[in-house]
Amino acid sequence: MASQRSNRALRLALRQATAPRVQQRTFVSAVNAASRPTLQPAQKAAASAFVQQARGAKTVDFAGDKEKVFERADWPREKLLEYFKNDTLALIGYGSQGHGQGLNLRDNGLNVIIGVRKDGTSWKEAQQDGWVPGTNLFDIDEAIGKGTIIMNLLSDAAQSETWPHIKPMLTKGKTLYFSHGFSPVFKDQTKVEVPKDIDVILVAPKGSGRTVRTLFREGRGINSSIAVFQDVTGKAEEKAIALGVAVGSGYMYKTTFEKEVYSDLYGERGCLMGGIHGMFLAQYEVLRERGHSPSEAFNETVEEATQSLYPLIGQNGMDYMYAACSTTARRGAIDWSKKFKDTLKPVFEELYDSVKTGKETQRTMEYAGRKDYREAFEKEMEEIRNMEIWRAGKAVRSLRPENA
Ligand SMILES: NC(=O)c1ccc[n+]([C@@H]2O[C@H](COP(=O)([O-])OP(=O)(O)OC[C@H]3O[C@@H](n4cnc5c(N)ncnc54)[C@H](OP(=O)(O)O)[C@@H]3O)[C@@H](O)[C@H]2O)c1
């Protein structure tokens with residue numbers, strides 16, 4: 001859940017990201033270019049087979065598992081406009097996702113209105129983005145009243161808090177949309193028991209709302225999960241796919257509300273954020289305790305990872321990254337990966353259980369429900385900012401050519 005302060009920081013970052021860039025040749029990029037491995041013929045064939053198969057075909061072979069993938073190409077703009085010609089999309093909440101999805105819907109020409117607390121931070125931010133009070137910006141109740149498709153993009157904690165008030169307004173014929181399975185799946189905690197006579201669907205972009213917007217503006221699309229919780233009209237899945245395209249998705253992967261929320265909470269606590277931070281800290285601390293300087297410890301832990309090696313994994317996979325390294329690095333890394341996997345797997349098992357049993361959502365709800373939530377969060381960020389590793393990182397980043 002992004003705070004308003006981080007929303008503002010993200011807006012600034014987005015402006016910087018979309019500004020024209022001068023290609024910089026850094027030490028790291030020069031090393032990357034020099035050591036870039038060429039793709040083996042089998043890798044090339046696999047890559048092109050995937051693309052050919054994905055374009056036009058709906059079933060894609062993911063490592064032997066055939067899965068349905070929906071794509072934007074099947075929903076040109078005219079078809080979207082026709083499909084939603086009688087709908088008013090009421091997007092409730094204007095945080096990271098509200099901003100990205102809302103602006104994309106508007107640029108796609110759909111009839112979208114925003115509903116947020118009057119004169120709150122989101123209200124002001126929506127106005128800055130060109131939403132006009134009384135025309136396409138309303139308070140939450142008024143927007144829900146006008147909407148046929150209610151897109152609940154309040155923070156997960158706020159979805160629970162506001163539910164007793166919102167639920168009676170979700171009358172027959174409307175559709176309820178989420179971008180996370182959190183609220184209905186953990187209904188024992190959130191109390192979000194959906195009305196029985198409406199379609200309930202999900203489009204969960206696999207990335208920040210800022211990325212949803214940036215990729216859309218670049219003419220690309222984010223990957224999203226789609227799911228149906230309740231299908232009253234028989235059209236729920238089709239509606240989810242169409243909405244997925246309308247909010248800026250490129251490819252959409254079919255899942256369930258349960259699987260989406262379990263994998264999402266698990267992933268962000270694991271490799272995406274929590275686990276990776278823990279690994280960084282452990283490796284850094286040992287290097288420092290064994291007499292290495294902060295800059296050396298940081299470069300060997302974070303800088304080389306994020307600036308050189310992880311992007312290679314992202315581009316072409318783990319084998320490609322190994323192939324880009326020295327024989328010495330490759331040998332040791334392959335040997336030690338097994339030990340790390342075996343050691344960490346029980347932690348991941350514990351984490352998955354903690355997600356599935358609702359322990360993680362319970363903690364999130366309690367945390368977000370605290371009156372001093374924003375202050376407590378800022379205090380934790382201050383502690384992280386002041387850790388030696390991240391102070392060293394700030395100094396290392398200042399020496400990058402683009403920052404020097
Ligand atoms: N952020 C992501 O990267 C991401 C990615 C995929 C899916 N999602 C999902 O998308 C949904 C929205 O997430 P988000 O990150 O965009 O949300 P967020 O930034 O946490 O959303 C905050 C919004 O909720 C409103 N709000 C908070 N408390 C409220 C209350 N008590 N009453 C009324 N409004 C309240 C805020 O309005 P005020 O400004 O008036 O406080 C603001 O508009 C969530 O279900 C989330 O799990 C998020």
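Mentor: Start with Arg106, whose charged end sits over the ring of Trp131, 4.4 Å from the ring centre. Lys79 does likewise with Trp75: its charged end sits over that ring, 4.1 Å from the centre. Keep in mind that this is a predicted model.

Now to the rings themselves. The structure holds 16 aromatic pairs. One of them joins Phe178 and Phe257 edge-to-face, with 6.4 Å centre to centre and 90° between the planes. Phe178 belongs to strand β7 (residues 175-178) and Phe257 to helix α13 (residues 257-269), so this pair ties together parts that lie 79 residues apart in sequence. Phe178 has a relative accessibility of 1%, and because buried means under 20%, it counts as buried. Phe257 is buried too, with a relative accessible area of 1%.

Next, look at Phe280 and Trp390, another edge-to-face pair, 6.2 Å centre to centre with 70° between the planes. Here the link runs between distant parts of the chain: Phe280 is in helix α14 (residues 274-289) and Trp390 in helix α20 (residues 388-398), 110 residues apart. Phe280 is buried at 9% relative accessibility. Trp390 has a relative accessible area of 19%, which is under the 20% limit, so Trp390 also counts as buried.

Finally, find the cluster that ring pairs build from Phe182, Phe186, Tyr262, Tyr266, Phe348 and Tyr352. Of the residues in that cluster, Tyr262 and Tyr266 fall within the residue range of helix α13 (residues 257-269), the helix that also holds Phe257.

Technical notes
Residues numbered from 1 in each chain as written. Predicted model: local features only at pLDDT ≥ 70, side-chain atom pairs only at ≥ 80, totals over all residues. Heavy atoms only, no water. Phe/Tyr/Trp six-rings, centres within 6.5 Å; stacked < 30°, edge-to-face > 60°. Helix = DSSP H or I, 4+ residues; strand = E, 2+ residues; numbered from the N terminus. Buried < 20%, exposed > 50% of the residue type's maximum accessible area, 1.4 Å probe, protein only. Lys NZ or Arg CZ within 6 Å of the ring centre and 35° of its normal.
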